[in-house]
Amino acid sequence: MNTSHTLPSYLDPNHLGPWGIYLQQVDRVTPYLGHLARWVETLKRPKRAMIVDVPIELDNGTVAHFEGYRVQHNLSRGPGKGGVRFHQDVTLSEVMALSAWMSVKNAAVNLPYGGAKGGIRVDPKTLSRGELERLTRRYTSEIGLIIGPSKDIPAPDMNTNEQIMAWMMDTYSMNTGATATGVVTGKPIALGGSLGRREATGRGVFTVAQEAAQHIQLELKGCRVAVQGLGNVGGVAAQLFAQAGCKVVAVQDHAGTVYQASGLDIHALLEHVAKHGSVLGFSGAEALARAQFWSVPCDILVPAALEQQITVNNAAQIQARLVIEGANGPTTPEADDILAERGILVVPDVIANAGGVTVSYFEWVQDFSSFFWSEDEINARLVRLMREAFAAVWQTAQQHKVSLRTATFIIACTRMLQARELRGLYP
Ligand code: NAD
């Protein structure tokens, strides 16, 4: 049934925010879903979206109100799982898209989770530590109705970290009257966090890059890499590429772009960023204008910062043979088509950055069993899972002659809709 005339704007596929992009991605995969396509509408609306008012007392004695969200996109395969983002531009439609990509990601790697995401529309840099703690605790209380170790398990995302996870865990535990370490992942090690979690997303990015490079006969040793974003994902990935003998020739962050044809000293660059807050002013590298980043000569490009970075405006200039999406949603659908026409292989976010949630899953399992694994064990399991997931995506892409993104969606949507069909509709 065509219900488009009744759709609110955020459910409208022509509204090209992140949610509109996600809807287009689902449309692309629908022809490959066989009889399960009758359930596809399930994927086009979130199961549950909660909007909460988060009032806190500021240090100056006034009361401020912030808007918070927790969206559970799909719970057919297990509890919701996905991060919490604190950012001034967070909107319901963005959180919906991020929650949907979590559903796809979790199903693609075959983790026993649905997809969820949360956020607060706030610039956390404007808050004191005390204000940030009050904000986090009140938000956690408000969404406490729908989260829990077997209901929905938040984790860090942009501008949230281990400390915020510790406050979330404590607030939930206080409200329920029992210490519940498994209610969030990405916690400090001292509170049931997992070894290897911090590095997991970057390690996953590097692992899929190794696999993809092998398939296109690209020798990693000596190949040139450009990375956008030198944070948790891009920073770790850049280090692993450098360790593998690649030359990380260009790095862009929020403040600047640096280039060195013979390869940047990543260790020194990370030290510079830790000291000065950005890559700006790093000696031993050429400073480039922001737009130039996209046309630097390189073999592998890793967008690991924000959404909608590779667009119709720069896709034609990209020189890489391989794009590995560390960030969520960095490539628009039009840009995706341009890259495909130019023969550039894109490893999509929903598989490339799944390393973080994979080790979050290990953390949750360890919390449940109160038995903790060594870092080597965690890394080995992570690499094995990522390789298996990539191999399945590659094989599906070959079979249907589709992009790796569509192949990942085929695998993930099939798993979600199989679960949907087996469970049936309640009541
Ligand atoms: P982070 O906050 O640690 O780092 C973000 C980096 O992006 C910083 O280097 C920052 O300077 C840079 N950046 C910000 N704005 C920029 C701009 N306009 N241009 C260029 N660079 C800019 O964040 P992170 O955890 O590394 O996450 C990065 C991306 O990866 C996000 O899209 C996030 O959703 C996604 N992701 C993260 C994880 C994880 O485990 N951290 C897992 C999956 C996906």
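Which of the 21 residues around the ligand come nearest? They are Thr 201, Leu 230, Val 233, His 254 and Arg 290, where a residue counts as around the ligand if one of its heavy atoms lies within 4 Å of it.

Before I continue, please note that this is a predicted model, in which local features need pLDDT of at least 70, side-chain atom pairs count only at pLDDT 80 or more, and totals for chains, interfaces and linings use all residues. Residues are numbered from 1 along each chain as its sequence is written, and side-chain values use heavy atoms, with hydrogens and water left out.

I turn to the polar contacts, defined as pairs of N or O atoms within 3.5 Å. Ligand oxygen atoms lie 3.1 Å from a side-chain N or O atom of Arg 85, 3.1 Å from one of Asp 157, and 2.9 Å from a polar backbone atom of Asn 232. On its own the ligand has 830 Å² of accessible area, of which the protein covers 81%; these areas come from the Shrake-Rupley method with a 1.4 Å probe. Two or more residues of the shell come from each of α5 (197-215) and α6 (232-243), helices being DSSP runs of H or I with at least four residues, and strands runs of E with at least two.

Next, the backbone. Asn 110, in the loop between α2 (92-108) and β4 (115-121), has a positive phi near 65 degrees without being a glycine. Gln 308, likewise not a glycine, has a positive phi of about 50 degrees and belongs to the loop between β10 (300-303) and β11 (322-324). Finally, the peptide bond from Tyr 426 to Pro 427 is cis, with omega near 0 degrees, and Pro 427 is in the segment after α12 (404-423).

Terms used
A polar contact is a pair of N or O atoms within 3.5 Å; within protein, one must be able to donate a hydrogen and the other to accept it, and residues adjacent in sequence count only if both atoms are side-chain atoms.
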